[in-house]
Every structure is written in C-alpha cells, then in structure tokens.
Amino acid sequence: MSHSAPLPDDSPPPQFRARGALLRRLADVVCLPSSRINAFERSVTADLLIEMLRDASPDERLKVSRRLASLTEPPPQLARLLLHDEPRIARPLLEECESLSDAELLDCARTSGSEHRLLIAARKGLSEVVVEALVAAGELKAIEIMLANRDAKIGHAGLEALVVISRDAPQIVPALLRRSELRPAQAYVLFWWADPEARRTILQRFAVSREILQDAAGDIFPMAAEEGWQDPMSRKALQFIERRQRNRAAIEKSPFTSLEAAVSAAQHGMSREVAEEISYLAGLKPMTGAKLFTDPGGEPLAILCKATGLPRAALRALWRGLRRPETGEDGAPNPAFERTMIIYDTLAVDRAQTVLRYWNWSLSSAMTPELLQAIREGDDSVIDEYSLPQRAAMLAFAKELGRN
C-alpha cells in the first residue's frame, strides 16, 4: 500500500495565546520600576524576551516596542534589536523614547536603512555626533528634516560637511542659512552657489563690520610698518582689517592712472589684461578678480564697486564690459542687473569690504600647489587637513579647475 506525500500546509501559523500573554508579561517585568526589580533581574528578563522576539510576528514585536518607548532606561540589547527592526517597529522607540543614548542612535543611523535615519533626523535633542552621522550618510531628505529640526545641535564638523554637500545640492542652502550655528566664513563660501534670494540673505546677515577689529588693531599698523611688513602672518591679518581697500602701490606699475580709468576702459570690452589691472588696483589677486567677473549672478560686481568706492556708473560700465544685458527683450530691466544695483545701493562700504577681503584671503592667498592638485583631483576626503581659507578655496574653485 503506497503512501502519498503530505500536501504542503499553506495555512497561517497557529496563534498561540500563551505566547502573546508571555510576551506581554515579560515586557511588563522589564518595564517595572527599579524599586521593584534590580538590574540583574531586568537583564535576565530582557535576554529571555529577546530570544522570543527573534521568532515573534511583526505585530508582536511592535507591541513590545510601544511598551518600551516610555521607559527611562530600556535594556540596551533589547532596544538595539527593535531599533534595527523594520521601520514601523523601530518607530515608537525612535519617536517617543527620549532616553535612547547617542551610542544607540549612532549604531542605528550607521547600520539601519534610510527610513530609520528619517525618523532619527526628527528626534528632539539630537546631539552633534548623531547629526554628523546623518550628514555622513548623505541622504538629502534626512538632512532637510534635520536642518528643520530646531532641537538638533550642529557642530563645526557637521556644518563644514553640510557646506560641502550644498555645493551639489544647493536646495539645502536656505535651510542652512536659517541655522544659528552658521558662521560668516561658511556663509561667504555658500554665496558662490546660492540663489539670488539666499545671496541677499547672506549679505544682510553675515556682511559684518570690522570697526571693532580696526579699533583694537589701530596701533599695530605703525609697528608693522616699522618692521617693514616682514612678518607674513601679521601682514595678512592686517590687510584684512585695514580700512583702505585700493592698492595705491599698484598705480605706479599700472598703465592706468586710477581704478576708475581701468573700469572706464573695461566698458568697451573686458579683456584678461584689463581684468587683472582692475584686480590689482582694487587690492585683489587676479584669481579673486576672475572669480568675481565670471560669476553669473553679478552680485560680486556690486560688492567690488561698493568696497572700493566706485560710483554706480562704474558698476554699469563693468556690466557692459562683460557683455551682459541691462534690459530684456521686452525692454524691462534685466533681473540680474536690477538685483546687482540693489545690492550696491543697500550694502555699506565697510561690510562690502569685509566680504571682499574674506574672498581675497580665502580664494587666493590660501592657494598652494598642493591645494590646486587636491581641487583638480576632487579629493574632498582630505578637506579637514586644510585651513579655513584653503577649504573655502577648494569649494569655490572646484568647477573652474576641472572638477565635475
């Protein structure tokens, strides 16, 4: 008599009432206050609960996660198991459990999926190290949620990484500008890829006065002059602080009698030679001048003219010399030209000089052969090895020097 093979059982697994009751009871024991259970008893119970949860259904694991979310000290191994579970099971802990440690959040951020990081990004009281882990993952949605999270703390390293990311994701620039942690040096770098509205915000908020610095260092200038300006460190710092923007010594070597004369010549067509002369006469390195003249927005031209005391007519002359339209096809003012003029009219001379000096300091004086090579090779991984102005130059010149 032959025996046929049993048919496969496609029915759902049986629902064991005892299992559900035991899971609830173990979770209750784990959640008992410390006055009723000691640490060793809680640990043993948690170990038993972990073993059961490994084979429990998603709904059963979710119930335990919700139960643990209110604990002030959930057992670490039990929390880790649930934090690495599917997002809907980890959600109660990530959204409601305020006592999760940075170590637990870091582990989850680094080893779980993108949905877990979205939940972490919205948590209250995010620390700097957890924020850095979210930024390191490079997921824009999580970064946007974190930037909108007013309880998240962003440290210097996190901000520097965010500035790098924003170069290829300029949509996060407005959110970055709303962060109180952002410093002027970082904002001046963001300027180069910010949209017109963000640029206006940067100039309104971060174009600071140097009056306090000038008062503090007023008596240092004669000392440096007596020493023949031989110390490069103090010379660079004093060049940033001083009130005078134009380079008087450059006039003696220039074919033009003044900065105004060079600008007047430029309005008939900006050549490389004229651009370099304007840069020298304005107290800038040619590399900085080239960055200003090639910027598509035009706002840097307004900053250049205002900082050097050039009149409005000079700004118009530069615009024409660069072959940029002043009006559109319908005869209305060109929006870019109009914005540039507004920047010129509203920005104070001293504040314009601060921005221009920083750009010149970071975009030219920091440029070394080693840095040029790193920029061309796209080596962002070593960006922390460079100084603040070198990092600014690396980011600002990436496109011009052959980066993708």
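**View 1. Cysteines without disulfides.** A disulfide is a pair of cysteine sulfur atoms within 2.5 Å. The structure, a predicted model, holds zero of them.

**View 2. The largest pocket.** About 870 Å³ of space lies here. A pocket is an open set of points on a 1 Å grid over the protein atoms alone, where a 1.4 Å probe fits, with protein on both sides within 12 Å along at least five of seven lines. The volume is the space filled by probe spheres set on the points. Of the 28 lining residues, Gln-239, Asn-247, Gly-283, Lys-285 and Asn-360 are the closest to the centre. Lining residues have an atom within 4 Å of a point.

**View 3. Helices along the pocket lining.** Helices are DSSP runs (H or I, at least four residues), numbered from the N terminus. α16 (232-241), α17 (248-253), α19 (272-281) and α24 (349-365) each supply at least two lining residues of the largest pocket. The largest share, six residues, comes from α24. By residue class, the lining divides into 10 nonpolar, eight polar and 10 charged. Asp, Glu, Lys and Arg count as charged; Ala, Val, Leu, Ile, Met, Phe, Trp, Tyr, Cys and Pro as nonpolar; the others, Gly among them, as polar.

**Notes to all views.** Residues are numbered from 1 along each chain as its sequence is written. Local features need pLDDT of at least 70, side-chain atom pairs count only at pLDDT 80 or more, totals for chains, interfaces and linings use all residues, and side-chain values use heavy atoms, with hydrogens and water left out.
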